[in-house]
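Thanks, everyone, for making the time this morning.

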Amino acid sequence: RSTTRASTSNDKTTTKLAMRLSDGRVVECVVIRHATARSKRVTACVSSQIGCQMACKFCATGTMGLLGNVTQGEIVEQVLEAKREDSRLSNVVFMGMGEPMNNYESVLAACRTLLDDKLFALGNGKVTISTVGVTA
């Protein structure tokens, strides 16, 4: 397992996983448990980069600068670790560390794996990519 540290909130709705990558750097993945009258979904919020170059004022990751990209395998590993934390995992959102569109190829390849019927089979509408609006 690559999780170096896990921290669960007092109300048990979130668990932050700090994960050490093969190069020794650490990214975060958060397991979010939604409990409403209509739904009990569990979402993994995954990182696509180590740090971020976008420097959004509302985001602590932006103060790190960009240290590197996360590979397809490292993204998928975050989802595997999240599923080990909560087997009910049903959704993935790219809203962790980094700007997903600045690591497009790895994010797209990871999405294909997550949507593959023979692998994760999360299905349409279960994987969301959040962006600040990167343009070419």
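Let me begin with a right-handed β-α-β unit, which is made by strand S7, helix H2 (residues 104-115) and strand S8. Right-handed is used here in the sense that, with the strands pointing away from the viewer, the path from the first strand over the helix to the second runs clockwise. The helices (H or I, at least four residues) and strands (E, at least two) are DSSP runs, numbered from the N terminus.

Before going further, please keep in mind that this is a predicted model, in which local features need pLDDT of at least 70 and side-chain atom pairs count only at pLDDT 80 or more, while totals for chains, interfaces and linings use all residues. Residues are numbered from 1 along each chain as its sequence is written, and side-chain values use heavy atoms, with hydrogens and water left out.

Staying with S7, which spans residues 89-94, five of its six residues are buried, where buried means under 20% relative accessible area, exposed means over 50%, and partly exposed lies in between (1.4 Å probe, protein chains only). S7 pairs in the parallel sense with strand S4 (residues 42-45) over four bridges, and Cys45 has Val93 of S7 as its bridge partner. S7 also pairs in the parallel sense with S8 (residues 127-129), over three bridges, and here Phe94 has Ile129 of S8 as its bridge partner. Two strands count as paired if DSSP finds at least two bridges between them.

Now to the cysteines: how many disulfides does a search of the whole structure find? The search finds zero, a disulfide being a pair of cysteine sulfur atoms within 2.5 Å. Cys52 itself is buried, with a relative accessible area of 9%.

Turning to charge, side chains of opposite charge can pair when their charged atoms come close. A salt bridge is counted when a side-chain nitrogen of Lys or Arg lies within 4 Å of a carboxyl oxygen of Asp or Glu, and by this rule the count comes to five. One of them joins Glu28 and Lys16, with the closest N and O atoms 3.8 Å apart; this pair links distant parts of the chain, since Glu28 sits in strand S3 (residues 26-33) and Lys16 in strand S2 (residues 14-20), 12 residues apart. Glu28 is partly exposed at 31% relative accessibility, and Lys16 is partly exposed at 39%.

Another salt bridge joins Arg84 and Glu81 at 2.4 Å, N to O. These two residues are three apart in helix H1 (residues 72-85), and are therefore separated by about one helical turn, while Glu81 counts as buried at 1% relative accessibility.

Asp86 and Arg88 also meet in a salt bridge, at 2.8 Å from N to O. Asp86 is buried, with a relative accessible area of 7%, whereas Arg88 is partly exposed at 46%. Both residues belong to a network of salt bridges that also links Arg33 and Glu85.

I will stop there, and I am happy to take questions.
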